[in-house]
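Here's a quick briefing on a ligand site and a hairpin. Have a look at the model first, then read on.

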Amino acid sequence: MEQKASQVVLLGKWTSGQCSRVALALKLKGIPYKYVEQDLTNKSELLLKNNPVHQKVPVLLHSGKPIAESLVILEYIDETWNHTPKLLPHDPYQRAKVRFWVNYFDQKIATAIYPVFRSKGEEREKEIEKMNEIIGVFIEGLKKDFGKEEFTYSKGKCLGLLDIVVGTQACNYKAVQEALKVEAIHPHTNSEFLSWVDSLKEHPLMKETLPPHDKLVASFIDKFGLLN
Ligand SMILES: N[C@@H](CCC(=O)N[C@@H](CS)C(=O)NCC(=O)O)C(=O)O
C-alpha cells in the first residue's frame with residue numbers, strides 16, 4: 001500500500017519511549033510519516049483536539065483520524081499495514097502471551113525507574129533492588145513462555161512487539177545510569193536482560209530511533225534535579 005507522509009502524522013516528544021516505539025514500528029513497516037514534536041508544558045490545540053481524554057503523546061493521525069495510546073497504536077499499525085514484518089505472532093495464544101508481557105513491561109518495569117529517580121540513599125537502593133527483582137521475573141517468564149532465542153536479537157532477525165517496546169525504553173539504560181551515577185540494572189543478576197537490550201541497540205533502525213545519549217542524560221538530570 002503506497003503512503004503519503006501527510007497521511008501519517010506522529011505527534012511525539014523526543015524523550016518519550018512510548019513515542020519512539022511508534023516511530024520504530026512505522027520505520028520497520030516502511031511507512032513514511034511526518035513527525036511533529038510536542039511541547040508538553042504548553043500543549044498544542046492539535047494534541048488536545050486529537051487526544052482529549054489523556055492529553056498525552058504519542059498520537060498517530062492516519063488520514064486525519066487520531067489513534068492514542070502507544071500499544072493501541074502499535075496494534076493498529078500492524079493490522080493496517082498487514083505486511084511483513086509482523087509485529088505480533090499469528091497464533092492467538094502466542095499473541096496473548098506477547099500482550100501479557102508487553103503489559104507487564106509497561107506496568108511494572110517502565111514505571112519502576114521513577115521511584116529510583118525520585119529517591120536518595122538507602123531508599124534509592126531499595127527501589128533499585130525492587131526494580132531488579134521485577135526485571136528478573138520478566139526474564140524468567142519470557143524464557144518459560146518463549147524459550148531463550150525469542151528474546152535474543154541477532155542480526156537479520158525481525159523485531160517483534162516485545163523487542164520494540166522493551167528496546168525503545170531499555171536501550172536508554174546507560175543514560176539513566178549516567179544521570180543517576182549508579183548501575184541501576186545489576187549486571188550480575190540481570191545479565192540476560194542487559195545482553196538482550198544491548199543486542200537490540202545494534203539494530204540499525206533502533207539506533208536511528210533512540211534519542212541522543214548525552215541529550216537524554218542532560219534531560220534526566222534537569223527533570224529529576226540530579227545534580228547534587
Ligand atoms: N499509556 C500511554 C502513556 C503516554 C505518556 O505517558 N505520555 C507522556 C510522555 S512519555 C505524556 O504525554 N505526558 C504528558 C502529560 O502527562 O501531561 C501510552 O502508552 O501511550
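How many bridges join strand 3 to strand 4, and do they run parallel or antiparallel? There are 4 bridges between strand 3 (residues 59-62) and strand 4 (residues 65-68), and the two run antiparallel. Keep in mind that this is a predicted model, where local features need pLDDT of at least 70, side-chain atom pairs count only at pLDDT 80 or more, and totals for chains, interfaces and linings use all residues. Residues are numbered from 1 along each chain as its sequence is written, and side-chain values use heavy atoms, with hydrogens and water left out.

**The hairpin**
- Strands here are DSSP runs of E, at least two residues, numbered from the N terminus, and two of them pair if DSSP finds at least two bridges between them.
- L60 has I67 in strand 4 as its bridge partner.
- The hairpin has 2 residues between the strands, and S63 takes a positive phi near 50°.

**Around the ligand**
- The ligand's surroundings (a heavy atom within 4 Å) are S16, Q18, L40, K43, K56, V57, P58, E69 and S70.
- By class, that shell splits into 3 nonpolar, 3 polar and 3 charged residues.

**Polar contacts (N or O pairs within 3.5 Å)**
- For S70, a side-chain N or O atom sits 2.6 Å from a ligand oxygen.
- On its own the ligand has 510 Å² of accessible area (Shrake-Rupley, 1.4 Å probe), and the protein covers 71% of that.

Definitions and conventions. Polar contact = N/O pair within 3.5 Å; in protein donor to acceptor, adjacent residues only side chain to side chain. Nonpolar A, V, L, I, M, F, W, Y, C, P; charged D, E, K, R; others polar.
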